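Take a moment with the structure below before reading on. The text starts with one kind of bond and then widens to the whole chain.

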Amino acid sequence: KCHSAWNVPDRELCTYTSDTYKNFCEYKRRLCYCSKGDARCNTEFPGMKAMKGGHILHQGPCVDFTQICNWKREKKFFGVRLGEWFTNIFTNKISVSASVGPDGRPKKDDSLMSPLSEEVRTNAQRLLSELPDANRVIHDVVAFWHCNLDRDKSGSVDRAESTVLSRALMPATVCLGSHLVACGGQGGSITLESWKKCMQINSTLTCAKYQ
């Protein structure tokens with residue numbers, strides 16, 4: 001049973017099935033019930049959809065962002081701005097991972113999105129060392145992020161894998177959902193070529209070299 005102290009609005013979260021949970025404890029409780037075929041999966045959470053893996057979309061209650069986002073106005077430059085954010089966060093991660101604190105230990109990576117694994121960090125440093133032109137950094141880094149998000153190495157970033165972005169950027173970035181749909185359609189599966197096109201980048205990078 002979840003403690004009553006958790007039942008405050010700022011602990012709510014939204015899953016990609018568009019169900020709002022009171023808090024992370026309630027979400028994990030239902031995930032446990034559903035994974036075991038326990039009837040409480042439905043009886044204690046009436047009206048909620050099948051969890052289908054139960055991926056968290058973002059913090060806060062579920063909202064129809066298509067009613068808030070002015071996609072007609074935003075779509076021209078949204079991919080470019082998102083690409084710049086990718087590059088800034090990426091550069092910060094490389095800088096943090098390469099530095100140490102006063103105690104001689106590596107500094108903690110507090111930047112957004114999941115910390116880079118040793119494999120990804122090595123590949124990232126390799127990528128940057130191979131770029132002949134500084135102006136190409138943003139293009140190839142944005143393409144590289146697709147490879148990083150494609151955790152199962154299927155060649156596409158599916159809806160579950162893209163929740164890494166939504167958890168970092170939503171609900172503040174109200175047009176992210178519209179952008180991801182524009183990249184991959186309603187199914188949410190985005191190939192590398194579709195990613196390059198909707199992010200408005202010119203890159204010949206392929207994932208095989210960095211996975």
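Cys-34 and Cys-41 are joined by a disulfide, with 1.9 Å from S to S. A disulfide is a covalent bond between the sulfur atoms of two cysteines. This is a predicted model. The torsion about the S-S bond of Cys-34 and Cys-41 is about 75°, so this disulfide is right-handed. Are its two ends buried or exposed? Cys-34 has 25% relative accessibility and counts as partly exposed, while Cys-41, at 10%, counts as buried.

With a relative accessible area of 32%, Cys-32 is partly exposed.

How many disulfides does the protein have? The count comes to five. One of them joins Cys-147 to Cys-207, with 2.1 Å from S to S. This pair links distant parts of the chain: Cys-147 lies in helix H5 (residues 137–149) and Cys-207 in the segment after helix H8 (192–198), 60 residues apart. The angle about the S-S bond of Cys-147 and Cys-207 is -85°, and the link is left-handed. Both of these cysteines, Cys-147 and Cys-207, are buried.

A further disulfide joins Cys-183 to Cys-198, with an S to S distance of 1.8 Å. Here helix H7 (residues 176–184), which holds Cys-183, is linked to helix H8, which holds Cys-198, and the two cysteines are 15 residues apart. The torsion about the S-S bond of Cys-183 and Cys-198 is about 90°, so the disulfide is right-handed. Cys-183 and Cys-198 are both buried.

Next come the strands. Three of them form an open sheet in the order S2-S1-S3, with antiparallel pairing. Strand S2 (20–21) and strand S3 (56–59) are the edge strands, each pairing on one side only. Strands of a sheet pair through backbone hydrogen bonds, either parallel or antiparallel. Strand S1 (residues 13–15) and S2 run antiparallel and are joined by two bridges. Leu-13 stands opposite Tyr-21 in S2.

Now take the protein as a whole. Its secondary structure comes to eight helices and five strands, and along the sequence they follow the pattern β-β-α-α-β-α-α-α-β-α-α-β-α. The protein has 211 residues, and 40% of them count as buried. Among contacts between residues at least 6 apart in sequence, 63% join residues at least 24 apart. The accessible surface of the protein comes to about 12000 Å², and 53% of that belongs to carbon and sulfur atoms.

Technical notes. Residues numbered from 1 in each chain as written. Predicted model: local features only at pLDDT ≥ 70, side-chain atom pairs only at ≥ 80, totals over all residues. Heavy atoms only, no water. Helix = DSSP H or I, 4+ residues; strand = E, 2+ residues; numbered from the N terminus. Buried < 20%, exposed > 50% of the residue type's maximum accessible area, 1.4 Å probe, protein only. Contact = heavy atoms within 4.5 Å. Areas by Shrake-Rupley, 256 points an atom, 1.4 Å probe, with all protein chains shown as cover. Pairing = 2+ DSSP bridges. Disulfide = S-S within 2.5 Å.
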